[in-house]
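User: Here's the file I want to go through. Can you walk me through it?

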Number of protein chains: 2
Amino acid sequence: MGKVKINEAYRFMVDCFKAVGTPIEAAEQQARVLIQADKVGHSSHGLNRLEFYLKDITIGACVPKNKPKILKENLSTAWVDANSVLGATASHFGMDIAIKKAKETGVGWVTVKGSNHHGMTGWWARKPAKQGLIGMAFSNTFTLLTPTRSKKAALGTNPISVVAPASQGETFYLDIATTAVSLGKIEIQRRKGEPIPSGWAQGPDGKETNDPNVAFATGCLMPLGGGEKTSGHKGYGLSAMVEIFCGISSGARYGHHIGSWTHAKVGVPHNLSHCFVAIDPENFAPGFGDRLAECMQHWRKLEPTDPKYPVVAPGDLEKMAETQTNIRGTVSYVPQQIASSIALAKRLKLILCWKVYANTAELVLETVILYKIRIAAQCCKY
Amino acid sequence: MGKVKINEAYRFMVDCFKAVGTPIEAAEQQARVLIQADKVGHSSHGLNRLEFYLKDITIGACVPKNKPKILKENLSTAWVDANSVLGATASHFGMDIAIKKAKETGVGWVTVKGSNHHGMTGWWARKPAKQGLIGMAFSNTFTLLTPTRSKKAALGTNPISVVAPASQGETFYLDIATTAVSLGKIEIQRRKGEPIPSGWAQGPDGKETNDPNVAFATGCLMPLGGGEKTSGHKGYGLSAMVEIFCGISSGARYGHHIGSWTHAKVGVPHNLSHCFVAIDPENFAPGFGDRLAECMQHWRKLEPTDPKYPVVAPGDLEKMAETQTNIRGTVSYVPQQIASSIALAKRLKLILCWKVYANTAELVLETVILYKIRIAAQCCKY
């Protein structure tokens with residue numbers, strides 16, 4: 001793994017967005033959610049995704065300079081047309097409305113059509129939580145989830161995210177795909193040359209596969225719960241629920257009509273959809289934050305099955321990863337990622353101001369590769 | 001299995017509730033959700049549970065004659081104290097408020113404390129759906145779910161239910177525990193003397209067990225997703241989310257403070273909690289019901305992995321079971337269930353007007369047992 005200073009990785013993302021005509025604010029908003037994913041260890045949603053967003057902009061599937069607008073409004077709801085802006089722009093717009101309404105009526109529920117991929121969904125649910133509200137965010141995504149008993153995918157990995165503020169500096173943070181795992185996890189096993197556990201993915205015959213190559217090529221992820229015996233129908237139902245809140249409510253593309261991100265067409269908007277919810281717990285029993293903090297602390301103190309792996313509260317792993325990243329001051333990327341960033345910088349005529357730090361604990365071979373990359377990038381002084 | 005006329009099973013439940021001092025309306029409301037569970041094939045939530053409710057009433061943990069009240073209200077929210085009434089009474093009260101507010105502002109979000117077990121959660125989410133709204137219901141429950149990595153349970157099976165109205169007579173119906181399976185499913189395997197699949201439950205050492213007896217005695221269900229490799233942390237997080245909406249919001253008992261239903265104490269209210277949500281899709285894009293129906297029909301037409309098991313839409317299995325039950329006119333109970341109903345009828349001095357129909361396709365032995373039960377029950381003419 002090569003290490004890059006956080007603000008340099010972020011600056012590069014912003015520069016790339018700007019280079020393809022993205023207004024500065026939109027570029028920064030989208031880069032912020034990408035770098036956050038890298039910081040908390042969800043690398044599948046970070047720099048790794050940058051080129052998809054850039055391609056969407058260059059082919060006109062995404063139009064960052066547009067403005068989202070409210071199509072219909074009630075005291076606690078809004079229906080928004082994102083007008084093909086970047087997912088981050090659409091999500092700030094939608095969630096801000098939900099927050100405003102939650103402060104007025106107790107709840108804000110906003111559904112957004114005409115959007116693009118908005119990165120790590122938890123980032124948006126975190127926004128109301130910073131203002132003392134419970135935040136929820138949902139998004140439909142490209143078709144990958146295979147309904148229980150089916151041979152083909154028909155829904156997205158459709159994430160559910162819930163973030164709630166607690167006392168004593170605690171925050172409950174849940175951000176989960178409704179598939180057993182994301183495609184990114186299968187990619188990691190593939191890179192390692194290791195089999196995948198049963199319950200993650202199906203092969204072309206519809207049967208569970210343990211081969212990461214077959215799983216990756218087929219693109220049929222199993223729902224959370226895995227097979228029918230272990231209640232995979234629940235993950236399927238939850239993914240469908242997210243689609244009800246997103247595409248089916250907003251009139252965007254939905255489920256089997258979405259297709260794949262890699263097959264974006266020139267000038268055809270992705271027309272993805274999100275749903276943003278904010279709820280003010282002040283409307284319920286006093287002491288919300290204390291009870292939540294007490295729960296989180298109780299969970300951490302539970303006797304673990306294996307003392308090497310202590311029980312964690314939802315969000316702890318992300319928080320720990322973020323703390324470590326901030327201490328280090330760097331985010332880590334695999335050599336291929338760095339190489340493709342160099343190629344991207346050249347293509348967009350950007351200076352890649354990265355000093356790639358090789359991890360001394362890693363193989364010498366990798367260090368050599370990284371060194372070569374650094375030379376190739378004509379890395380300027382940081 | 002012995003078959004009993006639907007309305008006779010229902011009438012018996014109502015009579016039992018009345019015999020322990022429940023007002024008629026409350027008795028009927030609670031019996032209706034129990035008989036519905038038997039009708040749709042979720043027998044763990046039907047007649048099987050009746051004695052728990054009756055015991056709660058007799059020991060004063062539940063006080064059916066009380067009245068629920070609103071403690072705090074905003075335009076889209078309400079905080080309700082159920083005042084120890086039956087779960088059904090509390091749930092009608094709470095969901096009616098959510099429905100009213102959804103019609104006024106777009107969303108109604110109600111959290112209820114001081115309640116009791118309310119039966120099959122999907123029954124309550126179905127109420128707004130009958131009026132064209134999306135319905136959601138959540139409930140905290142007795143402590144059974146074991147957080148990922150933990151040796152001990154700390155949350156309930158905390159169900160999530162979402163019901164949405166679609167065109168062409170379709171209804172999306174999802175009602176799932178956030179554990180891989182309910183304790184009832186383990187009980188069924190135990191009765192059959194068959195092992196349970198990995199990913200359902202842990203033994204006292206915290207490791208997965210395939211022994212239904214060990215699983216039942218330990219009472220440590222695994223979250224939806226099973227072990228950590230197959231993303232059990234997601235089910236754990238979803239159960240915690242339900243607790244945030246229920247006990248943590250309402251100030252009722254929550255998570256590890258709840259304990260077990262079998263250990264109810266005299267005069268100590270269970271103080272369980274529910275959350276009811278209604279959303280009016282009319283506030284979003286026109287055509288909601290058409291899109292949802294199109295999805296449900298698409299899912300059913302997907303090529304199945306095994307042609308013997310066609311793909312179903314969420315709620316199809318329950319709907320098919322209910323249709324079959326209505327055609328037959330009877331609900332089916334295991335002999336032990338019938339025997340315990342006979343004992344219950346004697347104890348409460350009620351006439352058990354059941355003519356138990358033995359299933360001719362079953363073992364002669366079972367028919368003989370049922371015949372004896374019928375005699376013992378001094379079954380009156382139906």
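**The largest cavity**

Analyst: The largest cavity is lined by M136(A), F138(A), I160(A), L238(A) and M241(A), plus M136(B), F138(B), I160(B), L238(B), M241(B) and F245(B). A cavity here is a set of points on a 1 Å grid over the protein atoms alone where a 1.4 Å probe fits but cannot get out, and lining residues have an atom within 4 Å of a point. This is a predicted model: local features need pLDDT of at least 70, side-chain atom pairs count only at pLDDT 80 or more, and totals for chains, interfaces and linings use all residues. Residues are numbered from 1 along each chain as its sequence is written, chains are lettered from A in the order in which they are written, and side-chain values use heavy atoms, with hydrogens and water left out.

User: Which elements give two or more residues to that lining?

Analyst: Strand 5 (134-139) and helix 8 (232-250) of chain A, together with strand 5 (134-139) and helix 8 (232-250) of chain B. Helix 8 of chain B gives the largest share, three residues. Helices (H or I, at least four residues) and strands (E, at least two) are DSSP runs, numbered from the N terminus.

User: How much space lies in the largest cavity?

Analyst: About 50 Å³. Volume means the space filled by probe spheres set on the points, which are joined across faces, edges and corners. The count is one cavity of 30 Å³ or more.

User: OK, the interface. How many residues of chain B are in contact with chain A?

Analyst: 84 residues of chain B, with 84 of chain A. Contact means heavy atoms within 4.5 Å.

User: And what area is buried there?

Analyst: About 7,200 Å², with carbon and sulfur atoms giving 68%. That is accessible area (1.4 Å probe) lost on putting the two parts together, summed over both. R149(B), K234(B) and F284(B) supply 11% of the area chain B buries against chain A, more than any other three residues.

User: How many salt bridges cross the interface of chain B and chain A?

Analyst: Two, by the rule: a side-chain nitrogen of Lys or Arg within 4 Å of a carboxyl oxygen of Asp or Glu. The side chains of E303(B) and K151(A) meet in a salt bridge at 3.1 Å, N to O.

User: How many salt bridges over all chains?

Analyst: The whole structure has 26. Among them, E51(A) and R347(A) meet at 3.0 Å, N to O. That pair links distant parts of the chain, helix 3 (residues 50-58) and helix 11 (residues 335-347) of chain A, 296 residues apart.

Notes. On a 1 Å grid over the protein atoms alone, a cavity is a set of points where a 1.4 Å probe fits but cannot get out, and a pocket is an open set with protein on both sides within 12 Å along at least five of seven lines; lining residues have an atom within 4 Å of a point.
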